Amino acid sequence: MARSMESFEGVALTTPVTIGYERTSSHSAHWFAGKALARLIEAAGIVKADVDGLAMSSFTLQPDTAVAMTAYLGLSPRWLEHVPMGGASGVVTLRRAARAIQAGDAEIVACIAADTNQPGAFKDLVADFSSFSRDAVYPYGAAGPNAVFAMITRCYMDQFGITREDFGRLCVAQRQNALANPHALLRKPMTLDDYLKARPVAEPLHLLDCVMPCAGAEAFLVMSTDRAKSLGLPHATVKSVVERHNAFPDDPVPTRGGWAMERERLYEQAGLGPKDMDFVETYDDYPVIALMQLEDLGFCKKGEGAAFLRETDLTVGGDLPHNTCGGQLSAGQAGAAGGYLGLVEAIRQLTGQAAGVAVDGARFGLVSGYGMVIYDRCLCTGAAILGRGEA
Amino acid sequence: MTDKALPPAFRTALWRHVTEGAREGELRFQTCLQCGQVQYPPREVCGRCLADDLEWRPVEGMAKVLSKTRLHASLEPWFRDRLPVEVALVQLDEGPVAYVFAEQGVDVGNRVRVSARLDEADVAVLWASPR
Ligand SMILES: [Zn+2]
C-alpha cells in the first residue's frame, strides 16, 4: 500500500474572481490575466508585491507562458507554475499551489486562467491541438472536440440506454441555475423541447450539447488559513485533491475516467462521502462527460445515469445542486478558464459570495476537472473536495 | 462551392509512411519489433515498451465499428461544401482505435474493412467499407 497523502490542512482558497465573459474579444489573454490579477489584489486588500507565487493556464497566451507573464504583469514571484491542462487546470493548480503554501515555498499564490477568443483563432487552436490530432483526428471532418465527444456520447447512449431526453434534463437544470448568474452568456430560459429541437452539430450531439467558445478569466488566491484570517477574508478549505492522467488507456471507448481510479483516495482523505456533498461542480464540456463524473465519483452507479437523471433534481435547491452557476454549457467556455469555472464557483458557494443562487448552508462541495483531448478522450482528470472555512 | 479548398493536408513527418502505403494500395501501421505492439496514431517510440525499433507493416484492415457520427458542421471549407460527413470510430483487429471516413452502409457494431486512400490533397486518409 502506497503512503497515504499528506493532508491539505492549513490551506485557504480566497477571493473568487471572474472577468468577462464575452463571445469574442479584441483583447489578448494577457489583458484578461491582468484584469484578474488586479481584481484579486483589490479583493484581498493586499499589494502586488505580496503575491509571491503565480500559476497560469491559457490556450491563447502564445508565444508566451507563465514565465513571460511575470514580466508582463510586473511580478517577481519565488514560485511559478504553468499548468497547460485545459479543463483540469483548476483542480491541478489548486493541488500544486496548496502544497507550495504548506511547504513555505510561497505565501500568496495567484491562480489565474485567462483566454481570449478572437475570430478565426478557434480553428487554428483545434487544427493543431496535438500530434495525434494533426495526423488522426482533424483530417476526419475538422469538427474539433465535437466529433470526439459525439463518438463517446453515441457509445454511452447505446451501452447504457441513455436518451437525448436524459441529457436534456441535465442541460435544462444547468440553464435554470444560470439564470441568476450575471457572468453567464446564455441566460435565456431553456425547455426540454428547446434542447431536443436544436440543430444537429455532430450527431447525436446537437447545438445545446455544445459549449460556446468565448473570452474570459477565472482566478483565486491560495494562502494559509492564518493569512486569510488576518486579512479578514472568507475562505474555503481543502479536504482532498486527486489527479490522474491517461487513465484506463486500454478502454477502446472511454466510458469512465480517472475519477473512477481515484475516487476512494479522494473520499478517504476527506473523511467524507458523496452523500456529504452539498453541491457538485463537474466539468461539462458535454453532458455525457458531466454524467460520467457523477457516476465515477459515486453519485450514482455506472450505467444507472439514465435513472439518476430522471429522478434527481440538479438545480440549486434540488436534490443535488450541480453546476450551480450554470456551468460552461450556459456560461460559455473561456478556454482554460472553463477548467477553473467550477472551482471558482465552489469557492463562491463556500464563502457566501454566490454570484447567482446560493446553496443554502453549503458546508462541503466537490469539484472535478477534465482536460486536453489529445486523441479520442481527454487525458487529464482531477477532483477536489472543499469545505467552508472558519472565519 | 469554394473553388480552391482542399482537404486539410497538415500532418506530422511520420504520416508520409501511411501516404506511401496508400500509393501502393496498402494500409500500413507501425509494428514494434521488440514487443509486437501495433500502434496508431504514429509515434517515434513504442507506447508499450518504449523501443524505437518500429517498422511500417501492411495490416489487413479488418475492424469493428465502435461508434459513428454524422457531422453537420466543420471548421474547414473543404468539408463544409460536402456536409453531412460520416465519420466512424473503429478498432482494428490488431488493436488500435482509429477515426475513419465511413462509406454508406457502415454502422455501429459492423465488421468493416479499413483502407488508406489518397485524398484530393494527395495525402492518405483512412476509410471504412462494408465487408
Ligand atoms: Zn514495443
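# A walk through the two-chain model

At 55% relative accessibility, B:Glu120 counts as exposed (over 50% is exposed, under 20% buried, and anything in between partly exposed, with a 1.4 Å probe and protein chains only). The model is predicted, so local features need pLDDT of at least 70 and side-chain atom pairs pLDDT 80 or more, while totals for chains, interfaces and linings use all residues. Residues are numbered from 1 along each chain as its sequence is written, chains are lettered from A and ligands numbered from 1 in the order written, and side-chain values use heavy atoms, leaving out hydrogens and water.

B:Glu120 sits in the loop that links β7 (111-118) with β8 (124-130) of chain B (helices, H or I of at least four residues, and strands, E of at least two, are DSSP runs numbered from the N terminus). Leaving aside residues up to four places away in sequence, B:Glu120 touches B:Leu6, B:Pro7 and B:Trp78, where contact means heavy atoms within 4.5 Å. B:Glu120 and B:Pro7 are 113 residues apart in sequence, yet their C-alpha atoms are 6.7 Å apart in space.

Helix α1 of chain B covers residues 16-23, and B:His17, B:Val18, B:Thr19, B:Gly21 and B:Ala22 are buried in it. What do the buried residues of α1(B) pack against? They pack against four strands of chain B: β1 (27-32), β3 (54-59), β7 and β8. Just after α1(B) comes B:Gly25, with a positive phi of about 75°.

Chain A has an open sheet of 9 strands with mixed pairing, in the order β3-β2-β4-β7-β1-β8-β11-β10-β9 (two strands pair if DSSP finds at least two bridges between them). At its edges are β3 (79-82) and β9 (279-281) of chain A, each of which pairs on one side only. From one strand to the next, the twist averages 20°. Strand β2 (residues 53-57) and strand β4 (residues 108-115) of chain A run parallel and are joined by 5 bridges. A:Ser57 stands opposite A:Ala113 in β4(A).

Helix α10 (residues 258-270) of chain A lies across β8 (236-245), β10 (364-373) and β11 (378-388) of chain A, and runs at about 155° to β8(A). Angles run from 0 to 180 degrees between N-to-C directions, and axes are lines fitted to C-alpha atoms, for helices over the stretch in contact. Two packed helices are described by the angle between their axes and the distance between the axes. For helix α3 (residues 89-103) of chain A and α14(A), that angle is about 65° and the axes are 6 Å apart. On the α3(A) side, A:Ser89, A:Gly90, A:Val91, A:Thr93 and A:Leu94 meet A:Gly339, A:Tyr340 and A:Leu343 of α14(A). The residues of this contact divide into 4 nonpolar, 4 polar and no charged (Ala, Val, Leu, Ile, Met, Phe, Trp, Tyr, Cys and Pro count as nonpolar, Asp, Glu, Lys and Arg as charged, and the others, Gly among them, as polar).

Helix α1 of chain A, residues 29-44, contains A:Ala38. A:Ala38 is partly exposed because its relative accessibility is 44%. A:Lys48 is 10 residues from A:Ala38 in sequence, and 8.3 Å away in space, C-alpha to C-alpha.

How many cavities of 30 Å³ or more does a search of the whole structure find? It finds 3. On a 1 Å grid over the protein atoms alone, a cavity is a set of points where a 1.4 Å probe fits but cannot get out, a pocket is an open set with protein on both sides within 12 Å along at least five of seven lines, and lining residues have an atom within 4 Å of a point. Grid points are joined across faces, edges and corners, and a volume is the space filled by probe spheres set on the points.

The largest cavity has a volume of about 110 Å³. It is lined by 18 residues, and A:Thr282, A:Tyr283, A:Gly338, A:Leu341 and A:Gly342 are the closest to its centre. At least two lining residues come from each of α13 (327-331), α14 (338-350) and β10 of chain A, and α14(A) gives the most, with 5 residues. The lining of the largest cavity has 6 nonpolar, 10 polar and 2 charged residues.

The second largest cavity holds about 80 Å³ of space. Its lining includes A:Asn246, A:Pro254, A:Met292 and A:Tyr370. β11(A) gives the most to this lining, with 3 residues.

The second largest pocket has about 710 Å³ of space. Of its 24 lining residues, A:Pro249, A:Asp250, B:Gln37, B:Tyr40 and B:Arg43 lie nearest the centre. The lining of this pocket has 11 nonpolar, 6 polar and 7 charged residues.
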